[in-house]
Amino acid sequence: MATIRLEPIIERQEAPSAAEPMPGPELAPEGETIVDGWRLQDRIASSSAVRERFVATRGSDGQRGILTLYAIGAEPDQAIYDLLLKLPRDHVPEFFATGRWQERAYEVAEEFKGGTLTDLAVDPTDPAAVAKLVGELAQAVHALTEAGLRHRDLRPSVIFVRSRDPLDLVISGFGSARLSEFDLDIVSPLETTRYMAPEAIAGGVAPASDWWSMGMILLEKITQGACFAGINEQAFLIHVLTNGVHLPESLDERINTLLRGLLARDRRQRWQWKEVQAWLRGETISAPAADRAGDTEGHASISLGGKQYRSANTFALAAAEATNWDQAKTLVLRGAVASWAAEAGFEAAIAAGLRQILRTEDLQEDLKLSISLKTLNPSMPLIVRGNIVTPGWLLDHPGDGYSLITGPAPDLLRKIDPDDWLWRLKVRSDTVRKRLDQLEIAVDEDALRVHLLSTSMARLAALWEERRKLFPDTDHAGVAALTERRISAEEDLLILLSATSNQFRSVAEVIEEAEKEASAAGLSNFSAEETTTLLGRPRREIYQAIDERIQNFARCGIKEVDEWADQFRLDRRMPLGRALALLCVPPETWKPLPKQGYVSTILDFFAKRISGGVLRGPLTRMLIGKSARIDLTELDTSRVPAGEILDQLLGRTNRIVNLDPAAFADDDSLERRLRSLHSHALLYKRDTGIDGLYLGFPFLIMRDHRPNARPRIAPVLLWPVRVSPEVGNRGHVTLGYGRDRNPDTEIEHVLVNPALEGMVGIPEARRWQEAANELLTHASLSVQAVMDAFSRLAQPVGNELTALPGKDVEVAAQERQLVPAAVLFHLAFMGQAVMKDLETLRGLPPTATALEAALRLNEQQPEPSASP
């Protein structure tokens, strides 16, 4: 057994990050630590605040690798690994394993004997050696940029040397990486280093950000570290954000041009692959001029730390230093800085902003100074006592961090920078609080406050996956609405991670329920161990497994289980315990009905022929006018908001909604239209036996490529509803989901608009149907959930109930818009009754029916003749 040795063996001089190094894991002094089969041997020296590295050996075959263990809150995105595994190995390492250990993410990559770029000596006087380094670094950065990957944390210690002659560099350390196709994404950094681009420090990430980092690495190598000698890390970053990087005057002219191009503070002017290639070929190419401090001196001065300042920028930089902090705070709090800004003749908005900060209540004194300095110098990041406020700072100071993102500070910062990342955290926090009230979910307040500080979606998703495996089910409707979503938003994850555990059902409870269901159905082969394994899968995968078992109307021969399957085909959902019990029936037991697939195909063909009749009317162009169609927003009142009415209908429960009589007070025609809608539906049902009353929600707006084509305004889903006006009592109407229940009424379910197939084509209509099938497996739904379900098929236009657009709505050719509008209407089209009958026939076995004879299914196939 090898003992872990803590002496550094590779990274001896890694440049420190701006955060304090994190403490290492507790390692047994006389034992060994094994991470999922990898035995840790030597710790690799690192001052990074978000990761540790170890040389490790795989116990099964002796394979050596570098194991990186990430700090809690610095969760790498699994999508990054998925991409890296597809890229050529030219400039990225081979990954042997990824996973989690003691609630921390880890990765194991190939070991590089050549060390890191930190250990690589480069002769700055040798143009060929410099060009070789520039070329290899540029190729590595370009390979990532072309794949849409933003590294965000390039530094010498994450660039490994695969070989020195010829030079072969490999980029590692993807814990902060992000996939993006946009010119600028707003993503707050996990930690800050002196190699980080100005926009990255300020909370953005762009393709040009990694090229800045390459420029800083080259500057360090070419000056042999002299440019960073004796600097204060935080002060240096603040200076870079404000004034750019100062280049030594002694640099070679070509090197100066290269570095000016790579270190352009404006990312839009910064050099990237095309310009670096031209430079390597020796071409003459212009670069942005060196940044000059844009200090505009005022008419008056202010004293700080024994010095006089006339420039707002330089004063702000000096005041941000820890040594000057308390004195600067006193100046701000007594109004001296605001008075100086007015006397100095700076823009009037600066002095007004400073006075507004002073008047702001519930704002901590340190933050009053922090925001005042950013008002004087908008290029600066938010700084508290000499430290840049980053996500890491928030997590290190959870009390102050929560007060910061929920107090008045983000509102003030947004006036300075509309894209401020702290403002987005405040908006997210407010959204979470509102959704908690709407869904009536109880949370652990302390846990919620900590989770609200997290900016790592990957970390939140990983934590929820761990919790879901412990608590896979719930009886709480609000929690169920979040757990069943196919794609979870950050707000969903924050709520699920903070919800109190008594709102969930544990693995043991679900297994006990499954065992009872299996026993009641007479299933003797139930295995708690196998069911526990199956329960580790997401609910949608469990439902998908059921779909595969029961396709083509397969039967297992167990009456109760076959009834479960039939109900699942209709409802598209099932209690989790029952689903697990159904899956304990072996796959080979399920047998498709004889000839059922053939019958379904024929009947489906006839249904499509008849569906041509729906390509006109409300299913393709819904308009609200004098017809008996009611936009749900017309029923909106302060006492019974239309949004709440819609939520009740989407919940698919038996509860009815009493419409507010005040909705009809100002518009007599509204109640007449609603009663007319009810009478039309009643008469049609008497004549055909079909209840055609539906709520259309949401709506697809599209226009085909024809020049004069009118926009289509089509409901995506048809929700069966019932309207019940009281006879002789005006203004009293109830609305509910589903049909009136009686023995002669067949249960109806949510339908996908049958006209979609003719509007968007069969392949795309199939994708709409698949999205609807997945959506309707959820126990309860919300407007947001429905909009999200179809967001990949059409562009959502908001996520709150809105009025249906009129006939003059404009939409570009081939554009798809998804509008959260809801309309009550009566559906009556030629062929509807026939299609309804065909749908019923598809769900019934043809054995011993007239259909069997009509399709000649009972004819015996001739036996093959005997050989002569």
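Which residues touch the most other members of the largest nonpolar core? In this predicted model, local features need pLDDT of at least 70 and side-chain atom pairs count only at pLDDT 80 or more, while totals for chains, interfaces and linings use all residues. Residues are numbered from 1 along each chain as its sequence is written, and side-chain values use heavy atoms, with hydrogens and water left out.

The answer is F174, M214, L218 and F315, which belong to a core of 92 residues. A nonpolar core here is a set of buried Ala, Val, Leu, Ile, Met, Phe, Trp, Tyr and Cys residues joined through side-chain atoms within 4.5 Å. Buried stands for under 20% relative accessible area, exposed for over 50%, and partly exposed for anything in between (1.4 Å probe, protein chains only). Leaving aside residues up to four places away in sequence, F174 touches Y70, I80, L84, V92, P93, F95, L144, L149 and H151; a contact is a pair of heavy atoms within 4.5 Å. There is also a second, separate core of 51 residues, with L700, V733, A755 and M759 among them.

Next come the sheets. Helices (H or I, at least four residues) and strands (E, at least two) are DSSP runs numbered from the N terminus, and two strands pair if DSSP finds at least two bridges between them. An open, antiparallel sheet is built from six strands in the order 1-2-3-4-6-5. Its edges are strand 1 (34–35) and strand 5 (95–101), each pairing on one side only. Two bridges hold strand 1 against strand 2 (residues 38–44) in the antiparallel sense, and V35 has W38 of strand 2 as its bridge partner.

Another open sheet has four strands in the order 21-20-26-25, with mixed pairing. Strand 21 (712–715) and strand 25 (795–796) sit at its edges with a single partner strand each, so one side of each lacks a neighbour in the sheet. Strand 20 (residues 699–702) runs antiparallel to strand 26 (residues 816–819), joined by four bridges; F699 is bridged to V819 in strand 26.

Grid points are joined across faces, edges and corners, and volume is the space filled by probe spheres set on the points. The second largest pocket holds about 1,700 Å³. It is lined by 50 residues, of which Q438, L439, D647, L781 and S782 are the closest to its centre. Helix 16 (421–439) is one of the elements that supply at least two lining residues, and with six it gives the largest share.

Three cavities of 30 Å³ or more turn up.

Finally, S501 lies in the loop between helix 20 (490–498) and helix 21 (507–520). At 39% relative accessibility, S501 is partly exposed. Not counting residues up to four places away in sequence, S501 touches R467 and F471.

Technical notes
1 Å grid on protein atoms, 1.4 Å probe; cavity = no way out; pocket = protein on both sides within 12 Å on 5 of 7 lines; lining within 4 Å.
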